[in-house]
Amino acid sequence: MHNLKGPFFLLFSCLLFSVTGTLQQLAPEGHTPVVITEVRMLLGSLTILAWCLFTHRLPSNWSVVPWKPMLTAVASVLLYQLLFFYSVAEVGVAVGSVVAIATTPLWAAAVAFLLFRKKPSKFWVFATVLAIAGVFLINFGGGLQAQSVDWKLLLPVAAGLCYGVEIIAVGKVVEKLNPETTMLLEMGLVAVLLLPVTFFFPTKWIFTTGGILVSLGLGVVTAGIAYPCFTYGIKYTSPVVASTLALTEPLMAAALGIFFLHENLSIPMGLGMLSLMASVIVLIFDKPSQSS
């Protein structure tokens with residue numbers, strides 16, 4: 001059961017993450033990826049701050065914060081948010097989400113090996129092969145919605161790289177801090193850094209009924225609740241395995257894109273989603289080891 005604690009929190013957080021792209025598509029006219037990112041990070045950090053104050057989770061000694069991996073995580077999540085939202089706008093919710101998260105395990109494994117010489121387990125290799133097969137089936141099964149594979153697909157691939165680096169960096173931070181404080185600092189710093197830029201983009205849509213509902217969904221649900229759960233899962237799971245378990249996010253996102261945004265679904269795309277699900281199941285039953 002202890003081995004399932006990390007995967008459980010990761011899967012739950014990814015379920016919440018999965019509505020991010022759909023919420024962006026449902027935002028009122030005039031929204032932009034920059035403002036969407038700022039709203040999500042600001043409301044998310046305020047949600048976590050309220051929780052930390054209520055539960056007394058803030059550290060008494062802030063000198064224990066490992067600033068090098070923390071700032072790496074901040075830069076990575078800022079770039080990931082912008083690249084992800086732009087990729088959703090360019091290639092759709094299903095493809096943008098699947099490609100971004102499905103390439104993350106490869107990037108995470110590469111970064112972990114280059115920096116720490118950690119080799120992934122055989123279970124991870126098998127799961128990643130299933131994941132890659134799933135991505136190919138989804139893309140060549142109509143996921144690109146009749147678009148040709150061009151430079152736009154580099155956006156979610158780059159987002160996957162940023163996500164992989166963030167997971168590695170956060171894994172180092174939670175060795176010193178609790179998950180709530182880790183995410184409070186990460187999202188709070190991103191919100192502060194991005195705030196001046198938002199003045200150059202329209203923000204009136206935020207103050208409409210639809211804008212308020214979308215903002216609360218993005219900030220409270222997909223950030224304030226989801227990110228601490230994800231970080232808690234990383235605390236009990238290796239970053240490389242966590243990055244592959246994150247594949248449940250594009251599965252749910254693709255389903256939302258299909259059923260609510262009427263994005264196309266074909267038999268190969270459905271088989272690809274099943275392949276991704278199989279990769280997650282393999283990892284859940286992988287036993288923790290030093291190599292992972």
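How are H4 and H8 oriented to each other, roughly parallel or roughly antiparallel? In this predicted model, the two helices are roughly antiparallel to each other, because the angle between them, about 155 degrees, is over 145. The protein has 13 helices and zero strands, and of its 292 residues 55% count as buried.

**Overall architecture**

- Read from the N terminus on, the elements run α-α-α-α-α-α-α-α-α-α-α-α-α, and no strand is present.
- Among contacts in the protein with a separation of 6 or more, 90% join residues 24 or more positions apart.

**Helix pair H4 and H8**

- Helix H4 covers residues 67–91 and helix H8 covers residues 154–173.
- The axes of H4 and H8 lie 8 Å apart, and the packing angle is about 155 degrees.
- H4 passes H8 in a left-handed crossing.
- The residues of this contact comprise 19 nonpolar, three polar and three charged.

**Helix pair H8 and H9**

- H8 also packs with helix H9, residues 179–198, at an angle of about 130 degrees and with the axes 10 Å apart.
- The crossing in which H8 passes H9 is right-handed.
- On the H8 side the contact is made by Glu166, Val170 and Val173, and on the H9 side by Thr182, Met183 and Glu186.
- By class, these residues are three nonpolar, one polar and two charged.

**Helix pair H3 and H10**

- H3 and H10 pack at an angle of about 55 degrees, and their axes are 7 Å apart.
- The two helices are therefore oblique to each other.
- Their crossing is right-handed.
- H3 contributes Ile36, Val39, Arg40, Met41, Leu43, Gly44, Thr47 and Ile48 to the contact.
- H10 contributes Ser215, Leu216, Leu218, Gly219, Val220, Thr222, Ala223, Gly224, Tyr227 and Pro228.
- The contact residues divide into eleven nonpolar, six polar and one charged.

- Thr20 counts as buried because its relative accessibility is 2%, under the 20% limit.
- A polar atom of the Thr20 side chain lies 2.7 Å from the backbone oxygen of Phe17.
- Beyond residues up to four places away in sequence, Thr20 touches Arg40, Phe84, Phe85, Leu218 and Thr222; among the residues of the H3 and H10 contact are Arg40, Leu218 and Thr222.
- Leu23 is buried too, with a relative accessible area of 16%.
- Leaving aside neighbours within four places in sequence, Leu23 is in contact with Val214, Gly217, Leu218 and Thr222.
- Leu23 and Gly211 are 188 residues apart in sequence, and their C-alpha atoms are 10.0 Å apart in space.

- Gly92 is found in the loop between H4 and helix H5, residues 93–102.
- With 8% relative accessibility, Gly92 counts as buried.
- The C-alpha atoms of Gly92 and Gly21 are separated by 8.6 Å, although the two residues are 71 residues apart along the chain.
- Thr237 has its place in the loop between helix H10, residues 209–235, and helix H11, residues 239–245.
- The relative accessible area of Thr237 is 12%, so this residue is buried.
- The side chain of Thr237 has a polar atom 2.9 Å from the backbone oxygen of Gly233.
- Not counting residues up to four places away in sequence, Thr237 touches Gly6, Pro7, Leu10, Ala242 and Leu245.
- His56 is found in the loop between helix H3, residues 33–55, and H4.
- His56 counts as exposed, because its relative accessibility is 70%, over the 50% limit.
- Phi of His56 is near 60 degrees, a positive value in a residue other than glycine.

Technical notes. Residues numbered from 1 in each chain as written. Predicted model: local features only at pLDDT ≥ 70, side-chain atom pairs only at ≥ 80, totals over all residues. Heavy atoms only, no water. Axes fitted to C-alpha atoms, helices over the stretch in contact; angles between N-to-C directions. Helix = DSSP H or I, 4+ residues; strand = E, 2+ residues; numbered from the N terminus. Parallel < 35°, antiparallel > 145°, perpendicular 65-115°, else oblique. Left-handed = near helix turned anticlockwise from the far one by under 90°. Nonpolar A, V, L, I, M, F, W, Y, C, P; charged D, E, K, R; others polar. Buried < 20%, exposed > 50% of the residue type's maximum accessible area, 1.4 Å probe, protein only. Polar contact = N/O pair within 3.5 Å; in protein donor to acceptor, adjacent residues only side chain to side chain. Contact = heavy atoms within 4.5 Å.
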